Amino acid sequence: MRNFSAYIFDLDGVLCHTDQFHFAAWAMLAKRLEIPFDASVNDRLRGVSRMESLDIVLGEKKNAYTTEQKKAFAEEKNAIYRGYLQTMTPADLDEDVRSTLLKLRADGHKLAVGSSSKNAPLILECIGLGSFFDAVADGTQIAHSKPDPEVFLLAAKLLDVKPDDALVVEDAEAGIQAAKAGGFYAAGIGPAADSTRADFRLQKLSDLLKAPV
Ligand code: BG6
Ligand code: MG
């Protein structure tokens, strides 16, 4: 793998594992609304914004509610989700993730987060990375979520690097698409590890360190 000036990490599914919390919170809302919901629907929410996720969860019922009702549903899900997030501690940061970030930092690379989540600051705080990154671009700062490249372009701007000097690490196909649309190099991990759009495929984050970086 070539040397990159900067690394921009997606948060959910790359630096930490919040999938099961999203799943449990959406499942509670779906149950209350008597809407079928399973892991295959949850898989389609990866990298997608909260309101877009709600439309996917509501499925064919997405036009059956007013904007106010939909906002209330999203808030209801988010309150449940944040309750789960608050159970996370620095012990929930994988050793592989922790040591990889520290090595990249020690080698002088710029490091950022590029996440669709509006809960990114809370999550980073809970897992002990609240003040680790050189920049955090998240769902509170953007108008268009992945596969739009806005969040990664913002991260690159905050880091003062050009997209083609930065590697985006993503677990969502929407995130890989966003990275490529923004002119970044992209590495897929987890569900995106076999993405044909990704420039690199990682089994674990420390694979970033395999070649000289
Ligand atoms: C992404 C998740 O990181 O954040 C999506 O992959 C989620 O599943 C999105 O919908 C928005 O999250 P939040 O925390 O703003 O509701
Ligand atoms: Mg993700």
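**Ligand 1 and its pocket**

Let me begin with the ligand: the space taken by ligand 1 is the largest pocket, where a pocket, found on a 1 Å grid over the protein atoms alone, is an open set of points where a 1.4 Å probe fits, with protein on both sides within 12 Å along at least five of seven lines, and a molecule sits in it if more than half of its atoms lie within 2 Å of its grid points. Please keep in mind that this is a predicted model, in which local features need pLDDT of at least 70 and side-chain atom pairs count only at pLDDT 80 or more, while totals for linings use all residues. Residues are numbered from 1 along each chain, ligands are numbered from 1 in the order in which they are written, and side-chain values use heavy atoms, without hydrogens and water.

Which residues come nearest to ligand 1? Of the 15 residues around the ligand (a heavy atom within 4 Å), they are D12, V48, S117, K118 and N119.

Turning to polar contacts, which are pairs of N or O atoms within 3.5 Å, an oxygen atom of ligand 1 is 2.6 Å from a side-chain N or O atom of S117, and the distance is 2.7 Å for a polar side-chain atom of R50. The protein buries 97% of the 400 Å² that ligand 1 exposes when taken alone, with accessible areas from the Shrake-Rupley method and a 1.4 Å probe.

Conventions:
A polar contact is a pair of N or O atoms within 3.5 Å; within protein, one must be able to donate a hydrogen and the other to accept it, and residues adjacent in sequence count only if both atoms are side-chain atoms. On a 1 Å grid over the protein atoms alone, a cavity is a set of points where a 1.4 Å probe fits but cannot get out, and a pocket is an open set with protein on both sides within 12 Å along at least five of seven lines; lining residues have an atom within 4 Å of a point.
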